[in-house]
Amino acid sequence: MIVLAVDSTAVCATAAACLFENDRLVTYALTTSKNGLTHSETLLPIADGVLRLLGKRMDEVGLFAVSAGPGSFTGVRIGVSLVKGLAFAGGTPCAAVSPLEALAKAHEAFPGVVCAVMDARRGQYYNALFQNGERLCSDRAIDTDALLAELGSGPVLVCGDGAALLCERARRENLRLAPESSREQNALSVALCGYRRWSLGYAVTPDALSPVYLRTPQAEREREERMNKGENKE
């Protein structure tokens with residue numbers, strides 16, 4: 001099976017094409033775009049390009065995997081919309097992957113807690129904790145103090161685009177930054193997690209694929225704030 005995965009939850013857009021045979025990863029190609037263009041401009045070209053690296057075509061893809069959130073509202077929406085569009089024509093199954101789970105996937109061998117954190121702004125992180133490849137909690141939006149209270153004093157590996165910020169704020173010796181090469185989101189881990197979801201029967205149809213937002217989008221929050229101010233004036 002060929003799996004095409006995309007991630008647009010971080011500053012850079014990534015795509016990965018993977019070939020699985022007999023439930024084993026045979027080969028893969030990974031491309032990252034940091035050219036300053038928007039995700040809507042770069043994501044489809046790099047998805048096409050990564051398939052060409054393996055000598056494959058879009059109509060040969062057997063599963064589409066995508067970071068469906070949490071993350072940047074715009075990035076998540078673009079990634080999910082692209083995958084829905086690509087998968088729709090052939091009714092190809094889709095796997096919605098948590099970018100936090102994908103982040104932790106690269107660090108399953110760490111002998112301690114893996115803390116995946118993405119900067120959610122407004123003093124919060126999108127976060128989930130993992131150990132030995134298993135989840136310790138659901139994806140959530142959490143502030144620094146609440147998260148540090150859960151981490152305790154044992155060894156913790158911190159990964160994600162909020163990792164450096166958390167370690168700087170915490171100043172704890174037991175918190176270790178993940179290596180820069182595997183610290184942030186990438187589509188290869190999304191492909192591996194997506195394939196696992198498919199093998200467990202959790203793939204969905206293109207119609208059923210949808211973004212996962214843990215907080216109200218900023219535009220809606222600002223509208224509610226304006227409405228509340230207007231009601232208070234009355």
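Buried means under 20% relative accessible area, exposed over 50%, and partly exposed in between (1.4 Å probe, protein chains only). This model is predicted: local features need pLDDT of at least 70, side-chain atom pairs count only at pLDDT 80 or more, and totals for chains, interfaces and linings use all residues. Residues are numbered from 1 along each chain as its sequence is written, and side-chain values use heavy atoms, without hydrogens and water.

**Salt bridges**

A salt bridge is a side-chain nitrogen of Lys or Arg within 4 Å of a carboxyl oxygen of Asp or Glu. The whole structure holds seven.

| Pair | N to O distance |
|---|---|
| arginine 135 – glutamate 101 | 4.0 Å |
| aspartate 119 – arginine 121 | 3.0 Å |
| arginine 140 – glutamate 150 | 2.9 Å |

Arginine 121 is exposed at 58% relative accessible area. Aspartate 119 is partly exposed at 25%. Arginine 140 counts as buried, at 18%, whereas glutamate 150 is partly exposed, at 46%. Salt bridges with shared partners also join Arg57, Asp59 and Glu60 into one network.

**Arginine 183**

Arginine 183 is buried but forms no salt bridge. The arginine 183 side chain instead reaches the backbone oxygen of alanine 178 at 2.9 Å. Residues in contact with arginine 183 (heavy atoms within 4.5 Å) include Leu103, Cys159 and Leu177, not counting residues up to four places away in sequence.

Notes
Lys, Arg positive; Asp, Glu negative; His and termini not counted. Polar contact = N/O pair within 3.5 Å; in protein donor to acceptor, adjacent residues only side chain to side chain.
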